[in-house]
Amino acid sequence: LRLYSLTSESSFVCISDMLKSSQTLVQVVICNSKLSVRGFQCIALALQNNTSLSKLIFFETCMFTKEESCDVRIAFTKALHQNTTLRTLRLSLCSNFEIAELLSKGLRHNCGLKKLVLRGCNITSGQVAMLAKALEHHCTLDKLDISFNPIGDDGANEIAGMLSVNDTLLTLNISHCSISDVGLERIGNALEVNTTLSELDINLNLNTINGLVMLNQKKLNTSLKILHF
């Protein structure tokens, strides 16, 4: 199911009702829409009871402010905790609220999600710290894409900390994240401890050839098989 240019709360109420009752719908894509607090709450409540949806995608969807996000955090946390079928959650080019903060608490209690994409959502180093903490011991997630977010070297350090203890992640995309050689070194050090990551994308960052050489050398002694640069 692919939906475009939704703006009214009634539209999201209808989607919520459909998700609550459907036993066959496996994918919902919402594009170029304006999602209000009420709309997001409706979807979150539906996810708590839905038993068929495996993929939920938001693309170029304008959402709510940080202040408003406080009103939906509890509902979405409960949704991620109770839902057992959602495998892919993707938010690309979504704006106007702190996605990582909203997701972090729910992810701590989630045991089903396998792919999380937060591409181009203005996630900063402070926000990625909360996300990384939530994913340290996540038991099912094997693909994380936080590309095109300005996390910088401080954010890379948080991701490195997560990699040092996480044992499920297989693929990580941190391309175009304003990471220099300093951040890459921290990632490289974490890879020497990590035993599961097999694919890493570091394209379009601020590193030099020295950073690439260093990371490629460390790759020889890790589980990493594919390095995109």
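User: Where is leucine 45 found, and why is leucine 45 called partly exposed?

Analyst: In this predicted model, leucine 45 sits in helix α2. Its relative accessible area is 36%. Buried means under 20% and exposed over 50%, with partly exposed in between, so leucine 45 counts as partly exposed.

User: How far is leucine 45 from valine 13?

Analyst: Their C-alpha atoms are separated by 10 Å, and the two residues lie 32 residues apart along the chain.

User: Which residues make the contact, and how do they divide into nonpolar, polar and charged?

Analyst: From α1 come Glu9, Phe12, Val13, Ser16, Leu19 and Lys20. Helix α2 brings Arg38, Gly39, Cys42, Ile43 and Ala46. The contact of α1 with α2 holds 6 nonpolar, 2 polar and 3 charged residues.

User: Let's turn to glutamine 127. How do you know whether glutamine 127 is buried or exposed?

Analyst: Glutamine 127 has a relative accessible area of 8%. Buried means under 20%, so glutamine 127 is buried.

User: What is the place of glutamine 127, and which residues does glutamine 127 touch?

Analyst: Glutamine 127 belongs to helix α5 (residues 125–135). Leaving out residues up to four places away in sequence, glutamine 127 touches Glu98, Ile99, Ala100 and Asn122.

Technical notes:
Residues numbered from 1 in each chain as written. Predicted model: local features only at pLDDT ≥ 70, side-chain atom pairs only at ≥ 80, totals over all residues. Heavy atoms only, no water. Helix = DSSP H or I, 4+ residues; strand = E, 2+ residues; numbered from the N terminus. Buried < 20%, exposed > 50% of the residue type's maximum accessible area, 1.4 Å probe, protein only. Contact = heavy atoms within 4.5 Å. Nonpolar A, V, L, I, M, F, W, Y, C, P; charged D, E, K, R; others polar.
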